[in-house]
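Here is a friendly walk through one protein model, in question and answer form.

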Amino acid sequence: MENKVLNYTALTVAVIGAVNWGLIGFFNFNLVSWLFGSGSWMSRIIYGLVGLCGLYLLTFYSLLNPHRHPQ
């Protein structure tokens, strides 16, 4: 987990995705579809990036292990 740029980028994209889901849940407003069109190739790319960043952030759980020995 030494790549800070990748970590911050993934976290930022995942937060943007979470905000979009919050807008959908609370106000039935999809910001990505509003900005780029529903079902457009750009929307699909953004949704894909959010999903990939979320999967990458799963690796952060390994940092929460209190019994992990420093290298």
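The buried residues of H1 pack against H2 and H3. Please keep in mind that this is a predicted model.

Q: Which residues of H1 are buried?
A: They are Asn7, Ala10, Ala14, Gly17 and Asn20. Buried stands for a relative accessible area under 20%.

Q: What makes the span of H1 close to the expected one?
A: H1 has 24 residues, and its first and last C-alpha atoms lie 34 Å apart. At 1.5 Å a residue, 34 Å is expected, and the value for H1 is close to that.

Q: Where is threonine 12, and why is it called partly exposed?
A: Threonine 12 sits in helix H1, which covers residues 4–27. Its relative accessible area is 45%. Partly exposed is the class between the buried limit of 20% and the exposed limit of 50%, so threonine 12 belongs there. Between the C-alpha atoms of threonine 12 and asparagine 30 there are 18 Å, with 18 residues separating the two along the chain.

Q: What follows H1, and what is its phi?
A: H1 is followed by asparagine 28, with a positive phi near 55°. This positive value occurs in a residue other than glycine. Asparagine 28 is placed in the loop between H1 and H2.

Q: Why is asparagine 28 called exposed?
A: Its relative accessible area is 70%. Exposed means over 50%, so asparagine 28 takes that label.

Q: Where is serine 40, and why does it count as buried?
A: Serine 40 lies in the loop between helix H2 (31–36) and helix H3 (41–57). Its relative accessibility is 18%. The limit for buried is under 20%, so serine 40 counts as buried.

Q: How do you know that the side chain of serine 40 is within polar-contact distance of the backbone oxygen of phenylalanine 36?
A: A polar atom of the serine 40 side chain lies 2.8 Å from the backbone oxygen of phenylalanine 36. The cut-off for a polar contact is 3.5 Å, and the pair is within that distance.

Q: Why does serine 43 count as buried, and what is it in contact with?
A: Serine 43 is in helix H3. With neighbours within four places in sequence left aside, serine 43 is in contact with Val32, Ser33, Phe36 and Gly37.

Q: What makes tyrosine 56 and phenylalanine 60 an edge-to-face pair?
A: The search of the whole structure finds 3 aromatic pairs. In the pair of tyrosine 56 and phenylalanine 60, the centres are 5.9 Å apart and the planes are at 70°.

Q: Why are tyrosine 56 and phenylalanine 60 called partly exposed?
A: Tyrosine 56 has a relative accessible area of 23%. Phenylalanine 60 has a relative accessibility of 24%. Both values fall between 20% and 50%, so both residues are partly exposed.

Q: Where is leucine 63, and why is it called partly exposed?
A: Leucine 63 is found in the segment after H3. Its relative accessible area is 44%, between 20% and 50%, so it is partly exposed. The C-alpha atoms of leucine 63 and cysteine 53 are separated by 17 Å, with the two residues 10 apart along the chain.

Q: Where does UniProt place the feature "transmembrane region", and how much helix is there?
A: The unreviewed UniProt entry places this feature at residues 7–29 and 41–64. Residues 7–29 are 91% helix and 0% strand. Residues 41–64 are 71% helix and 0% strand, with end C-alpha atoms 36 Å apart.

Q: How many helices and strands does the chain have, and why is it called more spread out than a compact globule?
A: The chain has 3 helices and 0 strands. Its radius of gyration is 15 Å, whereas the globule rule gives 11 Å for 71 residues; the value is well over the rule, so the chain is more spread out than a compact globule. The C-alpha trace spans about 45 × 25 × 15 Å along its principal axes.

Conventions:
Residues numbered from 1 in each chain as written. Predicted model: local features only at pLDDT ≥ 70, side-chain atom pairs only at ≥ 80, totals over all residues. Heavy atoms only, no water. UniProt positions renumbered as here; feature names shortened; annotations may be inferred. Helix = DSSP H or I, 4+ residues; strand = E, 2+ residues; numbered from the N terminus. Buried < 20%, exposed > 50% of the residue type's maximum accessible area, 1.4 Å probe, protein only. Polar contact = N/O pair within 3.5 Å; in protein donor to acceptor, adjacent residues only side chain to side chain. Phe/Tyr/Trp six-rings, centres within 6.5 Å; stacked < 30°, edge-to-face > 60°. Expected span 1.5 Å × (residues − 1). Contact = heavy atoms within 4.5 Å. Rg over C-alpha atoms; globule rule 2.2 N^0.38 Å.
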